[in-house]
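The following exercises concern packing and chain contacts in a two-part assembly.

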Amino acid sequence: MRIPILRLGDILLTSIQSDITDDQALTLQVDILKQLGDSRALGVLLDITALDVVDSYMTRILSETARMARLMGGEVVITGMSPMVALSLIEMGRDLHDVLTALDVEQGVEKLKRRLDATGDEDDDRPRCERGSANARD
Amino acid sequence: MRGTDSSSVVLIATPEDVVRARQAGRMAAAALGLGLADQTRLATAISEIARNALHYGGGGRCEISACQEEGHHRITVQVTDHGPGIPEIERAMSPGFSTGNSLGMGLPGAAKLVDSLAIESRPGLTQVTLAMRRKAR
């Protein structure tokens, strides 16, 4: 079973609906990166609400996918991690380093859009947030 | 009172079986009345060692037993494979260890999620036993 990836404007949306195998996780990674390249979408939202086990392999797939997408010029946000999964990850001494996360899909879309707006300003000398804080100090 | 109240076996030959093994562990923990956090800890730990049996041991067997002992529930999970064995167990238990391909063994993480994790390994037989003991409610 392949996990479907939908497009919503500049964002690709995908959701893991049940516990998946290592192979399915790897296939999803490849599919996400391929669609990101093909569709020229800017961001990917990956919802893992239904995922009740995230072990070292899945952690690696998730953080690698985010880093690979970023190398391509895109951005990934992972949404809906369950409290028990977060607890297990931290207890195991693992983390999703440098990966954008959000509580749910709605907040994920907002976070992704904000991040994409900010990245779009990279051509300027300084990102928007830095300018904002400089003004605040004036 | 002591003794095995229930046990189940999952044969590990494919990635689907790794999923089956961890879900069987979650169900066994739930059946004993363990909370969601412990169910998730156990399922995650089983996932790590079942995957090792598949990748390094060429497949194996996961037995999950639950028993009661003096007001406590105890779940024991034993994963056995007949692969080449883990050459350096102490190093395999240290964080960041990997056997050459980029897959880490996941053992240190699994050990942190359960009360005990013991490894016996020699060429032809590797047994990883993990246990979780909780007060009966």
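**Exercise 1.** Determine which residues L42(B) touches, leaving out those up to four places away in sequence.

*Solution.* With contact taken as heavy atoms within 4.5 Å, L42(B) touches G25(B), A29(B), I75(B), V77(B), V114(B), L130(B) and M132(B). The next step is the core: a nonpolar core is a set of buried Ala, Val, Leu, Ile, Met, Phe, Trp, Tyr and Cys residues joined through side-chain atoms within 4.5 Å, where buried means under 20% relative accessible area, exposed over 50%, and partly exposed in between (1.4 Å probe, protein chains only). The largest such core has 63 residues, of which L42(B), I75(B) and V77(B) touch the most other members. Helix 2 of chain B gives the most to this core, with seven residues; helices here are DSSP runs (H or I, at least four residues), numbered from the N terminus.

The model is predicted: local features require pLDDT of at least 70 and side-chain atom pairs pLDDT 80 or more, whereas totals for chains, interfaces and linings use all residues. Residues are numbered from 1 along each chain as its sequence is written, chains are lettered from A and ligands numbered from 1 in the order in which they are written, and side-chain values use heavy atoms, without hydrogens and water.

**Exercise 2.** Characterise the interface between chain B and chain A.

*Solution.* First, 22 residues of chain B are in contact with 18 residues of chain A. Second, the buried area (accessible area lost on being put together, 1.4 Å probe, summed over both parts) is about 1,800 Å², with carbon and sulfur atoms giving 51%. Third, there are six salt bridges, each a side-chain nitrogen of Lys or Arg within 4 Å of a carboxyl oxygen of Asp or Glu. One of them joins D22(A) and R51(B), with the closest N and O atoms 2.5 Å apart. Finally, helix 2 of chain B gives the most to the side of chain B that touches chain A, with 10 residues.

How values were computed
Helices (H or I, at least four residues) and strands (E, at least two) are DSSP runs, numbered from the N terminus. Buried area is the accessible area (1.4 Å probe) that two parts lose on being put together, summed over both.
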